Amino acid sequence: MSYYSDTKKNEHTTINIQDLRTTQNESVITILEGVIELMKNEYEEHKKKFNGEKMINITKDLSYPISKVYEGIYNNYSLTKINFSEIQCAIEKIKKETKDRYESISALPDLNEVIRKIDYILKKMSTWINENNLVNNNDAEVFWDSFTDRIKELNKMLKEIDEEFMENS
């Protein structure tokens, strides 16, 4: 490369582009390795916040309230609304705990899809319960059957989340 300095002297400098590219690549790799290590450390620290907090524990006691909603469908069980509310609270807690761990439910597409379906079922069931239209409602029975299937799927996913957050913590 040729240029004129302030002294108007003609100077010539040879630059090896390949050496510059090699140096640049090494620098970028070093920086990226540092970033990766920092992110790993931050993630491990984040996981430690949830040490001992298993999400599966949120749903482990739902079989009783689920059965009581079934009783409401079959024979107008008087405490259906209370048991249904307990289920709704558990689902909301799962959403909150997921957001605490991943910042968004959508970070886990499969979980997001199951939650979307559960929300839809709960919305329909809530309408039937609040309108006293649950007893002998075939649609409600089919929806509730689907809900129990979604809970099984959800439980598998919660176990996987728990395993992830228990690793190396």
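**Reading the salt bridges and the core**

Guide: The side chains of E44 and K47 meet in a salt bridge, 3.5 Å from N to O. This is a predicted model: local features need pLDDT of at least 70, side-chain atom pairs count only at pLDDT 80 or more, and totals for chains, interfaces and linings use all residues. Residues are numbered from 1 along each chain as its sequence is written, and side-chain values use heavy atoms, with hydrogens and water left out.

Visitor: What is a salt bridge?

Guide: Side chains of opposite charge can pair when their charged atoms come close. The cut-off here is a side-chain nitrogen of Lys or Arg within 4 Å of a carboxyl oxygen of Asp or Glu. The whole structure holds 9 salt bridges.

Visitor: Where do E44 and K47 lie?

Guide: Both lie in helix 1, 3 residues apart, about one turn of the helix. Helices are DSSP runs (H or I, at least four residues), numbered from the N terminus.

Visitor: Is K47 buried or exposed?

Guide: Buried means under 20% relative accessible area, exposed over 50%, and partly exposed in between (1.4 Å probe, protein chains only). K47 counts as buried because its relative accessibility is 2%. E44 is partly exposed, at 22%.

Visitor: Which residue forms a salt bridge with K48?

Guide: E45 does, with the closest N and O atoms 3.4 Å apart. K48 is partly exposed at 43%, and E45 is partly exposed at 48%.

Visitor: What separates E71 and K68 in helix 3?

Guide: About one helical turn, because they are 3 residues apart. Their salt bridge is 2.7 Å, N to O. K68 counts as buried at 12% relative accessibility, while E71 is partly exposed at 26%. Elsewhere, salt bridges that share partners join E92, K95 and D119 into one network.

Visitor: Now the core. Which residues touch the most other members?

Guide: In soluble globular proteins, nonpolar side chains tend to be buried together. A nonpolar core is a set of buried Ala, Val, Leu, Ile, Met, Phe, Trp, Tyr and Cys residues joined through side-chain atoms within 4.5 Å. In the largest one, of 34 residues, M125, W144, F147 and L154 touch the most other members. Helix 2 (56-59), helix 3 (63-75), helix 4 (80-102), helix 5 (109-130) and helix 6 (138-166) each supply at least two residues.

Visitor: What is W144 in contact with?

Guide: Contact means heavy atoms within 4.5 Å. Leaving aside neighbours within four places in sequence, the partners of W144 include I66, Y70, F84, I121 and M125.
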